[in-house]
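Biologist: I'm new to this one. Could you show me how to read a model like this, feature by feature?

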Amino acid sequence: MGFISIFFWILIISGVVLIVKELIKRNYNNSPLDILKNRYARSEIDKDTFKQMKRDIGGSGPMKVRRNLIAGLVLLAFGLAGFAVLSQTRMSRVGTMSGSMMGGGMMGEMRQMMGWMRGEEVEVDLSGPRPMENARTVAAGREIYEERCVACHGEKGDGKGEKADELNTKPRDFTSGLYKFRSTPSGSIPRDDDIYTTISRGLRGTSMLPWFGLTKEEKWEVTYYLKTFTEWFAEEKPEPVIVMPKITTPLSELVKKGRQVYERAECFNCHGKQGRGDGDRADELEDDWGRPIRPRDFTSEAFKRGARIQDIFLTVATGLDGTPMPSSVDGLPADDILAVAAYVSSIAGNRPRRRGGMMGMMSMTDDERAGMMIDHPGMPTGMMDNGMMNGGMMDGGMMR
Ligand code: HEC
Ligand code: HEC
């Protein structure tokens, strides 16, 4: 609570105290005038003395009572008005800072981004009509890409945008056609739905944030444009989707079974016995672009794709192409993959970081923070840059 609000609270409380005190006094009938009246009523003084004394106290009794009452009311009013003004300036501070954002449904996107930071899952709706894939929509996608994605993924889609250097996890090179996050088997190109899902949900722990500010149509258009960076999408069709079996056993049994699958499938070689990302091979791994890569520490790190059972199922079944994270769909029955996904999900530490907005903010990775600096439509330009995080919003009350 800010110093100013404490001040206004003091005004309000002293106002209320004054008023209550006066009301009690009235009930006890002990103002000087009341006492005088009582004495007159009991004939302790005669009429002339009464009039004389009444003139002497000059009505100061009742006047004093009223003065205190008025003072109390004034204090109360000032206190309340103070709070009203305070909340007004908060709103306009956010408002002017964001300018056009108010019209563009900024508050909604802002709220979504805050929720995401706190660890809330982003639901993706793949139903409903989608735009045709043709020259017009690809061109529209190109415009969106050049405005929103180029800083990281680069003009040519090769992942060499100007921001790439400062990021720990490098942006995807779309020219290779290798996609980590698919619902299709390893080696297959992803489906449009997969790309759309990544754009909508973002990749936790990396600078690839969810694109809340793009409309459905825009997300499809930019999906179509990404596909033009490689020949693969023109030459091949995605293989059939790997579907997760229904969960029929109680979760606790599934998790117990999953613990055994984790041993049998030797996930520990990379992820470690306790899932802390410290297996024997953890230090020697590289991705297909020759960059060192570490297996996930399940207990403390965010899961890029998400830590729900269905997210982990897809990761384990399809593998993360371009990385040493293998596909298990040929080596393990689907029920075993489901079990190990349930086990890993049960020990996932990052899931939901359900803490206040401020704490969610603190637990962001450097890459996530770098992603925040990139203009997201509907979000204040370079959110972190313009002091919104430390100056405006944080103590302006929005974050609480
Ligand atoms: C601030 C940097 C940044 C911006 C801006 C950005 N991305 Fe990314 N993106 C990344 C990084 C980093 C990764 C790789 C994460 C990984 O490999 O774990 C990525 C990965 C992806 C992937 C995942 C591909 C796969 O392997 O499955 C897609 C799809 C994607 N980005 C699309 C987009 C689109 C579309 C835009 C613009 C609307 C965009 N990105 C803007 C940083 C960014
Ligand atoms: C050869 C080493 C290796 C083995 C074996 C391995 N992984 Fe991985 N795994 C990785 C690497 C490396 C990553 C990080 C990939 C990245 O960040 O892009 C990863 C990432 C993951 C993720 C995180 C996905 C996300 O969304 O962030 C999960 C879950 C996972 N592995 C589960 C498993 C399970 C379960 C097994 C056993 C069936 C397994 N892994 C076996 C290397 C391995």
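Predicted model: local features only at pLDDT ≥ 70, side-chain atom pairs only at ≥ 80, totals over all residues.

Biologist: Why is α13 called largely enclosed by the rest of the structure?

Modeller: Helices here are DSSP runs (H or I, at least four residues; strands are E, at least two), numbered from the N terminus. A residue is buried if 20 or more other C-beta atoms, placed from the backbone, lie within 10 Å of its own; 12 or fewer makes it exposed, and in between it is partly exposed. In α13, nine of the 10 residues are buried, so the rest of the structure largely encloses this helix. Among them are I309, D311, I312 and F313.

Biologist: What do those buried residues of α13 pack against?

Modeller: Look for contacts: two residues touch in this sense if their C-beta atoms, placed from the backbone, lie within 7 Å. The buried residues of α13 pack against α14. Just after α13, G319 takes a positive phi of about 70°.

Biologist: Which residues are closest to ligand 2?

Modeller: For a shell, we take residues whose C-beta atom, placed from the backbone, lies within 6 Å of the molecule. Ligand 2 has 25 such residues around it, with C267, C270, K304, R305 and M325 closest. The elements giving two or more residues to that shell are α12 (268-271), α13 (309-318) and α14 (334-347).

Biologist: And which residues come nearest to ligand 1?

Modeller: Out of 27 around ligand 1, the nearest are C149, C152, K180, S207 and M208. At least two shell residues each come from α7 (150-153), α8 (192-201) and α9 (216-226).

Biologist: How many helices and strands does the protein chain have?

Modeller: The protein chain has 17 helices and zero strands. Of its 400 residues, 32% are buried. Among contacts with a separation of 6 or more, 70% join residues 24 or more positions apart.

Biologist: What is the mean pLDDT of the protein chain?

Modeller: pLDDT is the predictor's confidence in each residue, from 0 to 100. The mean for the protein chain is 84, and 82% of its residues reach 70 or more. Over residues 91-104 the pLDDT is below 50, and this stretch has 17 contacts beyond near neighbours in sequence. Residues 384-400 are also below 50, with 33 such contacts.

Notes. Residues numbered from 1 in each chain as written. Chains lettered and ligands numbered in written order.
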